[in-house]
Amino acid sequence: MTHLLSITDLGADGIDEVLRVAEAFAEVERRPVRKVPTLRGRTVATLFFEESTRTRLSFETAAKRLSADVLSFSAAASSVKKGESIRDTVETIEAMGMDALVVRHASAGVPMQVSRWVKECKVVNGGDGWHEHPTQALLDCFTVRQVRGEIDGLRVLIVGDIRHSRVARSQVLAYSALGASVTLAAPGSLLPPSIEGWPVSVVHDLDEALPDADVVSLLRLQAERGSGEFVPTLREYTADWGLTTRRAALLRPDAVLTHPGPMIRGVEIAGDVADLPQALVTRQVTNGVAVRMAVLFLLLGGAL
Amino acid sequence: MAKRERSHTRPGVFVARSRVLSGADVNRALVRMAHEVAERNGGLTDVVLIGLQTGGVPLARRMAAVLAGAEGTEVPVGTLDVAFYRDDIGLRPVLPEAATEVPCDLSGKVVVIVDDVLFTGRTVRAALNALGDFGRARAVQLAVMVDRGHRELPIRPDYVGKNLPTRRDEMVDVSDQGVAIGTIE
Amino acid sequence: MSAIVIRGGEVVDRGGRRRADVAVDDGIVKAVGPDLAAPGGAQVLDGAGCVVAPGLVDLHAHLRQPGKEEAETIETGSRAAALGGYSAVVAMPNTDPPIDSAGAAREVLALGRDALVEVAVAGAITVGRRGERLAPMAELAALGVRLFTDDGTGVQDGALMRRALDYARGLGVVLAQHCEDEDLARGGAMHEGAWSSRLGIPGVTSVAEEAMVARDIALARLTGARLHFLHLSTVGSVDLVRRAKAEGVAVTAEAAPHHLVLTDAACASYDPTFKVNPPLRTDADVAALRAGLVDGTIDAVATDHAPHAPEAKDVPFDEAPPGMLGLETALAVVLSVTDLTRALALLSWQPATIAGLAARHGGPVAEGAAANLCVIDPAVTWMVDPAGLASRSRNTPYAGWKLTGRVRHTIVRGEAVVIDGEARR
């Protein structure tokens with residue numbers, strides 16, 4: 001594989017390989033020296049045309065723990081502001097000798113376009129529009145597997161703003177490739193216009209779906225992308241679709257909760273529910289580094 | 001002749017051409033090496049055995065068992081995968097094969113690296129780098145069942161089961177059944 | 001201008017097919033018949049194996065001049081048209097400034113005077129295409145403008161559209177609507193459906209088009225004015241127009257070539273070349289449009305030739321301007337979905353009538369007719385190379401496609417402007 005643009009680039013075997021290699025990096029993170037010389041002399045650039053603190057930090061930490069050099073490009077402080085095209089920006093940055101580009105953009109498909117513009121660089125999708133966020137789904141699978149042992153056979157419930165969520169699209173592909181059954185729970189206006197061909201079922205009542213779920217993936221209401229207009233009020237959204245304390249009691253004792261962050265406590269998740277031991281949010285963040293180390297290692301080591 | 005899958009260095013199946021040590025020979029060599037470790041270090045205090053993934057791991061465990069039987073001391077045994085420390089990343093696919101588990105902080109310890117075959121020395125070089133991240137050992141020693149020559153780095157074993165002259169393109173396989181020379185097909 | 005004799009071809013026009021040579025002089029067809037003699041100094045064009053037909057007429061070309069000369073000019077666009085077999089094109093008014101006044105129309109008509117093909121202009125329905133008040137349609141009609149459209153957008157305000165239809169009826173001109181309800185379409189960059197949902201690209205529902213088609217049919221019925229629908233793209237639109245025609249409402253409709261052969265699946269590459277408005281839709285929509293060609297619901301295939309400079313398309317899909325090239329590929333694309341005679345009806349005489357150009361274009365190839373002709377080799381297979389196109393832009397969706405059928409010669413106003421597939425100037 002030349003690039004990681006979508007979960008479909010990996011397939012079930014590829015996902016498995018990433019998760020297996022990520023185990024090895026998770027061990028590295030437990031060492032006294034959390035750094036290996038694997039990618040010494042390589043350079044990884046993060047090109048974030050859309051701001052994101054946690055994803056950028058996670059990728060940059062991953063690259064540094066692999067001893068790669070890291071170049072951090074932020075559109076806000078760059079020539080893009082002066083009118084330079086993404087294509088020229090990418091070509092300029094690659095000419096500085098990059099080995100991998102992690103690309104995030106508010107528009108779907110930009111990482112794929114970038115992959116057509118580069119000559120040698122590997123391109124990793126760090127999140128594009130509503131399309132995909134493959135490393136987030138991989139770290140979700142990794143974290144759930146760590147706790148539940150296997151993904152195969154699990155019942156995954158994805159709740160919230162699925163329409164505008166790149167995480168949801170990657171999760172549907174990753175979880176179903178690994179043998180989980182996936183259910184979407186959202187108000188009609190926050191479902192994608194069509195789920196034709198998606199290996200999912202849809203429920204319109206969260207209370208009904210929660211007792212059956214092994215994994216509950218909560219998504220943030222993407223207010224900055226106008227999602228607020230898709231529901232009448234936040235209060236109504238929380239009442240029907242938020243994981244309130246009352247609803248959390250419906251969960252199976254061994255069910256786990258994931259959230260890609262940042263969490264908005266009191267909207268999609270009640271504050272005390274976010275702090276339950278089943279909520280894997282912090283562990284997801286820790287694992288994010290190991291999973292992204294695995295992705296960079298496999299891409300630059302030529303094994304993917 | 002025996003065929004055995006070798007997953008990591010090269011794809012293909014190992015086909016043995018000649019058997020140079022029997023299973024009993026390997027066992028005898030292992031017992032001798034275990035005694036040499038105890039003798040050279042004036043006992044087993046602070047000794048830690050680290051088996052390199054994958055071929056060195058069973059040998060390290062067996063060596064520890066020998067030492068437990070003979071000296072009555074439980075020597076800590078760890079495992080190390082050196083994939084992340086290799087110097088040939090990008091030249092060919094390198095995948096971590098198995099777990100790294102270092103049982104304790106290595107500072108002040110005498111670490112004995114155990115591997116099945118010593119060849120170019122690059123794996124041991126990677127292992128030395130890796131071990132440095134687990135603490136500053138007092139000494140690091142190297143035990144190998146077979147030294148087949150063709151070193152590319154200034155590395156020399158402290159304990160050797162058998163010196164075995166080979167051709168560069170041959171493969172050496174160490175297993176319960178003994179040591180065989182063959183090719184990958 | 002020297003006389004021309006086209007030898008060895010088969011004449012195809014609305015009257016049928018027959019083997020005949022065609023002699024042209026002084027901008028007029030002088031003779032049609034077997035084994036015509038070439039007068040001294042006459043240019044003899046090889047028509048062996050070819051069809052000699054009336055020149056094609058494009059109801060819908062964006063020539064970009066004035067305002068976006070880096071994408072296309074009247075010169076380059078008309079060269080592309082000539083190579084595609086067209087003898088006339090209707091230039092869309094969404095230029096900068098837009099063609100919403102006599103002055104702007106005169107400028108484009110003047111630029112078109114020296115072009116390889118006849119350049120007719122469409123006028124805007126509203127001032128600045130802003131959908132607020134009527135453009136001076138009578139002034140424009142006096143210059144010969146026959147088609148009015150705010151193409152690029154539809155007239156959103158139903159009352160204003162009704163007023164425009166009432167006004168147009170009195171002038172005897174045709175309003176051409178780009179049907180798109182802006183509220184329903186807002187933010188969309190491709191067809192809304194399974195693909196847009198999967199790709200995470202904001203979609204435009206078919207209803208955005210159909211809602212306006214339905215409204216405008218009702219307004220056409222109400223006003224009795226002539227209304228033309230630009231680039232229909234959905235099952236529902238075809239169905240609405242079919243029923244309106246059966247009822248006797250005075251509407252005509254066109255489809256664009258790309259909507260006959262491409263679907264929204266092409267957007268999976270996120271290549272903005274495949275971004276167009278109306279968007280590429282589904283297999284079912286393609287099938288409905290093709291059926292509409294056959295049963296007469298669709299009167300014309302019009303290119304919606306929309307050049308964009310490469311840098312304009314080298315941007316994220318949802319930020320890219322919509323539009324694709326069409327003039328040089330339309331004939332072959334239409335031939336891939338229907339037979340030759342129907343293709344010519346859809347590309348030549350039917351659009352010529354809608355555009356009010358039938359006096360000079362699309363008529364039977366007969367003695368005394370205006371010499372606007374194209375000579376088509378229907379069997380030759382060629383590969384579309386974006387770099388080899390005459391358009392100033394490269395945004396063809398057919399790069400690398402093998403197409404069958406190509407124009408060999410084009411004769412406009414009695415001049416051979418394309419000979420053996422090469423533009424003469």
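Let's start with chain A, where five strands, in the order β7-β6-β5-β8-β9, form an open sheet of 5 strands with parallel pairing. This is a predicted model, where local features need pLDDT of at least 70, side-chain atom pairs count only at pLDDT 80 or more, and totals for chains, interfaces and linings use all residues. Residues are numbered from 1 along each chain as its sequence is written, while chains are lettered from A and ligands numbered from 1 in the order in which they are written.

**The sheet in chain A**

- β7 (200-203) and β9 (256-258) of chain A are the edge strands, each with a single partner, so one side of each has no neighbour in the sheet.
- Ignoring direction, neighbouring strands of this sheet are turned by 25° against each other on average.
- Strand β8 (residues 215-218) of chain A runs parallel to β9(A), and 3 bridges join them; two strands count as paired if DSSP finds at least two bridges between them.
- Within this pair, A:Ser217 sits opposite A:Thr258 in β9(A).
- Helix α5 (residues 134-148) of chain A lies across β8 and β9 of chain A, at about 165° to β9(A).
- About the names: helices (H or I, at least four residues) and strands (E, at least two) are DSSP runs, numbered from the N terminus.

**Two domains in chain A**

- Chain A splits into domain 1 (7-132 + 286-300) and domain 2 (134-284), with bounds that come from an automatic or database domain assignment.
- The C-alpha centres of these two domains of chain A are 25 Å apart.
- Their contact takes 22 residues from domain 1 of chain A and 22 residues from domain 2 of chain A; residues are in contact if their C-beta atoms, placed from the backbone, lie within 7 Å.
- On the domain 1 side, α1 (11-29), β4 (122-128) and α11 (281-300) of chain A each supply at least two residues.
- That side of domain 1 of chain A has 9 nonpolar, 9 polar and 4 charged residues. Here Ala, Val, Leu, Ile, Met, Phe, Trp, Tyr, Cys and Pro count as nonpolar, Asp, Glu, Lys and Arg as charged, and the others, Gly among them, as polar.

**Where chain A meets chain C**

- 21 residues of chain A touch 17 residues of chain C.
- α3 (86-95), α4 (110-117) and α6 (166-177) of chain A each give two or more residues to chain A's side.
- The largest share of that side, 3 residues, comes from α4(A).

**Two domains in chain C**

- Chain C is divided into domain 1 (4-52 + 367-423) and domain 2 (55-354).
- Between them, 29 residues of domain 1 of chain C are in contact with 42 residues of domain 2 of chain C.
- β19(C) gives the largest share of the domain 1 side, 7 residues.

**A helix pair in chain C**

- Helix α4 (residues 158-171) of chain C packs against helix α7 (residues 206-223) of chain C at an angle of about 40°, with axes 10 Å apart. Axes are lines fitted to C-alpha atoms, for helices over the stretch in contact, and angles run from 0 to 180 degrees between N-to-C directions.
- That angle makes α4(C) oblique to α7(C); under 35 degrees counts as roughly parallel, over 145 as roughly antiparallel, 65 to 115 as roughly perpendicular and the rest as oblique.
- Residues of α4(C) including C:Leu165 and C:Arg169 meet residues of α7(C) including C:Asp216 and C:Leu219.
- The contact of α4(C) with α7(C) divides into 5 nonpolar, 2 polar and 5 charged residues.

Terms used. Contact = placed C-beta atoms within 7 Å.
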